[in-house]
Amino acid sequence: MKSISAIKEEYKELEKVDIREFNSVFDSFYDNYKDDSRKGVVQILNKGKKKVLAYIKELERVDFMLTYENAYRGQGYIGGVDEAGRGPLAGPVVASCVILNPEDPILYVNDSKKLSAGMRDQLFDEIQNRAIAYGIGIVHHDQIDEINILQATYQAMRIAIEQMKVKPSHLLNDALIIPGVKLTQEKIIKGDGKSLSIAAASILAKVTRDRIMVAYDELYPQYGFAGHKGYGSSAHIQAIKTYGPCPIHRRSFIRNFT
């Protein structure tokens, strides 16, 4: 009889398999040891079963997140649109548009605010590699002050759409309709939690913006941009009062702090 430690090592190798293939390989593993009543073996099998059930649950969640995309599938490519950075006191607003392949959905894509920074970074690369097309639009602080944040957000979204190598036929947007875009659109309240395409766009927008703010932190370390990403934390507001605004601050946002 194989030792429990050897079975553990076998299972560890099994866990290296891509999650999309784990279910089938675990079935064979389970059949080999299902009659072994030793506590350690039972624990290993239960761990694997939990992983399989979690995978099934994720598939169901992703299927729900494709409800809007599936409703418009006959209309061509569906682009999800979202932004990051409407509220901060400094830095740009960033928007993204993403067309996903509904036949090859990317697991664990969700509202970027619900994901850890590490998971966002991982999904950022996966979305860029597996999406049919994506675009990212950036509008900087000076233009935000010039045209206001709402118009700057619209502009970032238009830039993102224009950048796409494959153009969408229909847009799913998080909570707004984009003026000046000659495409059919649907606004979905809290869309980054209801549409996989919008959620993917939220990840690309947020990771892009976060990385910009980390780079700015090296130029203006006294403001702590790497931590709060330009949002109005108490430490950030105090830094503005202490040092005054830096070149990337949105002057129209910080009038009450200077």
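In this predicted model, helix 8 (residues 196-219) lies across strand 1, strand 2, strand 3, strand 4 (170-174) and strand 5, and runs at about 35 degrees to strand 1. The five strands form an open sheet with mixed pairing, in the order 3-2-1-4-5. Because strand 3 (133-139) and strand 5 (184-188) stand at the edges with a single partner strand each, one side of each is left without a neighbour in the sheet. On average, and with direction ignored, neighbouring strands of this sheet are turned by 20 degrees against each other. Strand 1 (residues 78-84) and strand 2 (residues 93-99) run antiparallel and are joined by five bridges, and Gly80 has Val98 in strand 2 as its bridge partner.

Helix 7 (residues 149-163) consists of 15 residues and reaches 21 Å from its first C-alpha to its last, close to the 21 Å expected at 1.5 Å a residue. At the start of helix 7, a side-chain oxygen of Asn148 comes to within 3.0 Å of the backbone nitrogen of Leu150. The buried residues of this helix are Ile149, Ala152, Thr153, Tyr154, Ala156, Met157, Arg158, Ala160 and Ile161, and what covers them includes strand 1, strand 2, strand 3, helix 6 (141-147) and strand 4.

Turning to the cysteines, Cys97 is buried with a relative accessible area of 0%, and Cys246 likewise counts as buried, at 3% relative accessibility. A disulfide requires a pair of cysteine sulfur atoms within 2.5 Å, and by this rule the count comes to zero disulfides.

Terms used:
Residues numbered from 1 in each chain as written. Predicted model: local features only at pLDDT ≥ 70, side-chain atom pairs only at ≥ 80, totals over all residues. Heavy atoms only, no water. Buried < 20%, exposed > 50% of the residue type's maximum accessible area, 1.4 Å probe, protein only. Pairing = 2+ DSSP bridges. Helix = DSSP H or I, 4+ residues; strand = E, 2+ residues; numbered from the N terminus. Axes fitted to C-alpha atoms, helices over the stretch in contact; angles between N-to-C directions. Contact = heavy atoms within 4.5 Å. Expected span 1.5 Å × (residues − 1). Polar contact = N/O pair within 3.5 Å; in protein donor to acceptor, adjacent residues only side chain to side chain.
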